[in-house]
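Thanks for coming. I will go through one structure this morning, starting with domains and ending with a few helix contacts.

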Amino acid sequence: MNIASKSPILTTDADGFAGPRGPKPRRMLSRRNIIVYGTLLVVAVYYLLPLYVMIVTSLKGMPEIRLGNIFSPPLEITFEPWIKAWSSACTGLNCDGLSRGFWNSVRITVPSVILSIAIASVNGYALANWRFKGSELFFTILIVGAFIPYQVMLYPIVIILREIGLYGSLAGLVIVHSIFGMPILTLLFRNYFTSMPEELFKAARVDGAGFWGIYLRIMLPMSLPIFVVAVIIQITGIWNDFLFGVVYTRPETYPMTVQLNNIVNSVQGVKEYNVNMAATLITGLVPLIVYFVSGKLFVRGIAAGAVKG
Amino acid sequence: MSESQTRPPNRLLRNLNAKIASIPMILTAVVVFAGGTVWTVLHSFTNSKLLPRLNFVGIDQYTRLWATPRWLVSIENLLIYGVLSLVFSLVIGFVLAALLDQKIRFENTFRTILLYPYALSFIVTGLVWQWLLNPELGIQGVVRNLGWTSFSFDPLYDSSIVIYGILIAALWQGTGLVMCLMLAGLRGIDEDIWKAARVDGIPMWKTYLFIVIPMMRPVFVTTLVIIASGIVRVYDLVVAQTSGGPGIASEVPAKYVYDYMFFAQNLGQGFAASTMMLLSVVIVIVPWAYLEFGRRRRA
Amino acid sequence: MRAERAINASVSVRDLSLNFGAVQVLKALNLNIAEGEFVVLLGPSGCGKSTLLNCIAGLLDITDGRIFIKGRNVTWEEPKDRGIGMVFQSYALYPQMSVEKNLSFGLRVAGLPKDEIAQRIARAAEILQIEPLLQRKPAALSGGQRQRVAIGRALVRDVDVFLFDEPLSNLDAKLRSELRVEIKLLHRRLQNTMIYVTHDQIEAMTLADRIAVMRGGVIQQFDAPQAIYNRPVNRFVAGFLGSPAMNFLEGKIEKSGPELRFAADGLSVPLSTYAFADGAQTAPGAAALGIRPEHVSLNSGDGWPFSATASVDVVEPMGSDTLVWLKLAGQKFSVRMSSERAPQAGDQVTVGFDPMRASLFDAAGDRL
């Protein structure tokens, strides 16, 4: 056995060079690595734990839950809680499960996302490329308004919706979501369109395109990524909303979050934790799917969407 | 002379399409945001009960508000929750971002895990943590079953510490966001600064403390404003996790407003309380806006 | 023997390789830099020059090879222990600290006594003439002042070797030429070894004792500026240095009797004055003849070993000089001459040069 060959990095070469050679050897388990990866691993487990508990609880039967440990995997997997949560869990007198809330949320989210993005993108485009006297002032009010607690504007909006006859309807809630999504989305689109080369806009004007022509034929096709970011912000934001749902809709039109809270926190009857967790998981599923599918775009969205709070 | 020239087009009609496109924004800004705020503040000085009325009673609603134990508990909770969640989310968020910034493997996986709670609603977050903190079957029960029978951890059922139970859930949900903002800030630091510090022989922790963190001041300020404006609004989480209980121990101002407006049929109180919330936001925002604006003017 | 020479050098790089994943960024580089020498690493972006500098500084982990500074093997040492100071393109000043704090921070962390720190700062500030700026923050300094402070930060470290990573690239042209002169003066005063990375050939030519021209992670030629300019080892070096660029005529080498000639589309250039690398043993074959625009003359009699007639396409006055573009052997060809004697576009002119000043390259691009 040739011992020297075991540490070639410290040998002397044939031409007389000696000493350390190549990369500095680093141990896999250096103190730095243990601290960095150790901390991250512990934190990651802590962050994943609630999701894990939600899943295992929703797959257990009630007897097992009463006896067992919330962290232990189910001995016997049952989908009964999921079925019950979806189709027969009770809120007050209704016993048709979360499905009604789910479809309400879909009916609220889809038009809200489309309407709010349509308004905000055109508006952001106008602010970026077609400024008029006062446009910046209104925009400033809009952005400052984003920081006003919603509670301050809750009742005036009730009055406005009542006046136009939309209080309690899904259409009313769609308008509310479009209003409160406007500051962040307008900011997002305005900044994006401002960052596009101005020559492009000028060239199109010289070619004779007008306000809508430039928007539809030049700006829109070039800004697909920012639209995706906006869709992500809006889907998660609107789906997760509770306050507006509870204020501006009636029990038949409650969105999923409100219905979920009513199912879980209703005082009557025995608490069925497995059904509760299944319901919670189902409600969280839509934003989770959006999150895991969108990846980096979600991160980009929250940097902008964070302002929404 | 003027007849020979074409008349300038009507000023209102210039750029007409842009003005039409901005109508929703103008209505929202003027009617809802500005108008609604003025309306609410104005009506907070009235004795409106079931319906809003302009029957002015001076600061009566505010005197009553600050004499109501539930409001005082709400404010106390908001202060404890606010200060602690600011401090913890900034510190934890920064430390996590710094760890992720060490050119580690699986960075994306870790970031995905740390951020996913932020995608969930406060209702979902509140209900999961309500379950985890269930005294018989949750964490406390598990630890007691392991043999440590005197172990006690049931914040949601102990009115003296219930707000910390809510804080745990809020931090779980929101730290990922802070981490993400901080990570973006760290990535914005010039690579050469790190190299210069290494050539100068400055240890990593000192580089963070004396060079990088001071450089990230704007990121910290922005994050602070974002967290702070979220704190004032905290509502769903409390509703889902404790419904304000036990008793009134975990009440918060936003819930006070909602309950007085839509359940207690006491609009005046709701308006006064929401005006106080607005005031607290103004106290946070104005110095920040002043700093931002002031800095831009100096530059 | 070779090892000894390397160890006596100020900085010596031996068989240095660096891979980023599967990409070879530096390929078994060798470089010996003498004590007090000013060496410029020159090359287009992506050639590995900055990477090499970062490896010498210890800011990048190398894949293979050794690095010696002042005869000491520093391959595994931390940057701060290598006896180097470094100046960055973006200055990399600590923005929240005053100039004085910027200069002293590293020294304070290293635990140097206060009066020693004060002394070093005073000396650096005097050399760089930044005494009035010491209490200012970097944001309140101009680009040139910032770069001086950045140099000062390397200066106070009291090191043997200075590393400059494109230090003037962020400055405008006028400041750049001013600071260039100052860096040269600084080198004359301090007599330290300096390694300077740039893509600017004027900086390289004016500052360097020796230039290392790099391309694709390999040093193409390492020599004094004039040698590189006059006797480039390959077509890449020949084309990279010099502005306006060297003319290349594509053609072939022919043997007529004992004499070698370069032939291209009707031209025949006698090569009896050309110093072949192999002593005129070159075999006939495809080749390119390179000649710098200033080594060609127009209409100056027939004393030239080679001359030909051509018609002028374009005339570009550049102030003191004029660049005349014409076609020679059907190929684009430029001549640099004084403005007073410049012809007009369309004129018929006589082109003459001495093949002694030309460079011949074979089909692979290597110097013949």
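A word on terms first: the domain bounds I quote come from an automatic or database domain assignment. Also keep in mind that this is a predicted model.

Start with chain A. The assignment gives chain A a domain 1, residues 1–58, and a domain 2, residues 99–308. Taken over C-alpha atoms, the centres of domain 1 of chain A and domain 2 of chain A are 45 Å apart. The contact involves 4 residues from domain 1 of chain A and 6 residues from domain 2 of chain A. On the side of domain 1 of chain A that touches domain 2 of chain A, we have 2 nonpolar residues, 2 polar and no charged.

Next, chain A against chain B. How many residues does each chain put into the contact? Chain A gives 68 residues and chain B gives 69 residues. On the chain A side, the largest share is 11 residues, and that share comes from helix α1 of chain A, residues 31–58. Sorted by class, the side of chain A that touches chain B has 50 nonpolar residues, 18 polar and no charged.

Now two helix pairs inside chain A. Two packed helices are described by the angle between their axes and the distance between the axes. I will give both for each pair.

The crossing of α5(A) and α7(A) is left-handed. Which residues meet there, from α5(A) and from α7(A)? From α5(A) they are Leu142(A), Ile143(A) and Gly145(A), and from α7(A) they are Met182(A), Pro183(A), Thr186(A) and Leu187(A). That contact of α5(A) with α7(A) divides into 5 nonpolar residues, 2 polar and no charged.

The second pair is helix α4 of chain A, residues 99–129, with helix α10 of chain A, residues 224–239. Here the axes come within 9 Å and cross at roughly 145°. α4(A) passes α10(A) in a right-handed crossing. On the α4(A) side the contact residues include Ser105(A), Ile108(A) and Thr109(A), and on the α10(A) side they include Phe227(A), Ala230(A) and Trp239(A). By class, the contact of α4(A) with α10(A) has 9 nonpolar residues, 5 polar and no charged.

One residue in chain B. Thr222(B) sits in helix α11 of chain B, residues 217–232. Is Thr222(B) buried or partly exposed? Thr222(B) counts as partly exposed, because it has 18 C-beta neighbours inside 10 Å, and buried would take 20 or more. Thr222(B) and Glu292(B) are 70 residues apart in sequence, and their C-alpha atoms are 9.8 Å apart in space.

Last, chain C. Chain C is divided into domain 1, residues 2–236, and domain 2, residues 247–362. The centres of domain 1 of chain C and domain 2 of chain C are 39 Å apart, over C-alpha atoms. Chain C has 9 helices and 20 strands. Along the principal axes, its C-alpha atoms fill a box of roughly 75 × 50 × 35 Å. Of the 368 residues of chain C, 40% count as buried. Among contacts in chain C with a separation of 6 or more, 66% are between residues 24 or more positions apart.

That is the end of my part.

Methods:
Residues are numbered from 1 along each chain as its sequence is written. Chains are lettered from A and ligands numbered from 1 in the order in which they are written. This is a predicted model: local features need pLDDT of at least 70, side-chain atom pairs count only at pLDDT 80 or more; totals for chains, interfaces and linings use all residues. Two residues are in contact if their C-beta atoms, placed from the backbone, lie within 7 Å. Ala, Val, Leu, Ile, Met, Phe, Trp, Tyr, Cys and Pro count as nonpolar, Asp, Glu, Lys and Arg as charged, and the others, Gly among them, as polar. Helices (H or I, at least four residues) and strands (E, at least two) are DSSP runs, numbered from the N terminus. A residue is buried if 20 or more other C-beta atoms lie within 10 Å of its own, exposed if 12 or fewer, and partly exposed in between; C-beta atoms are placed from the backbone. A crossing is left-handed if the near helix is turned anticlockwise from the far one by less than a right angle, and right-handed if clockwise. Axes are lines fitted to C-alpha atoms, for helices over the stretch in contact, and angles run from 0 to 180 degrees between N-to-C directions.
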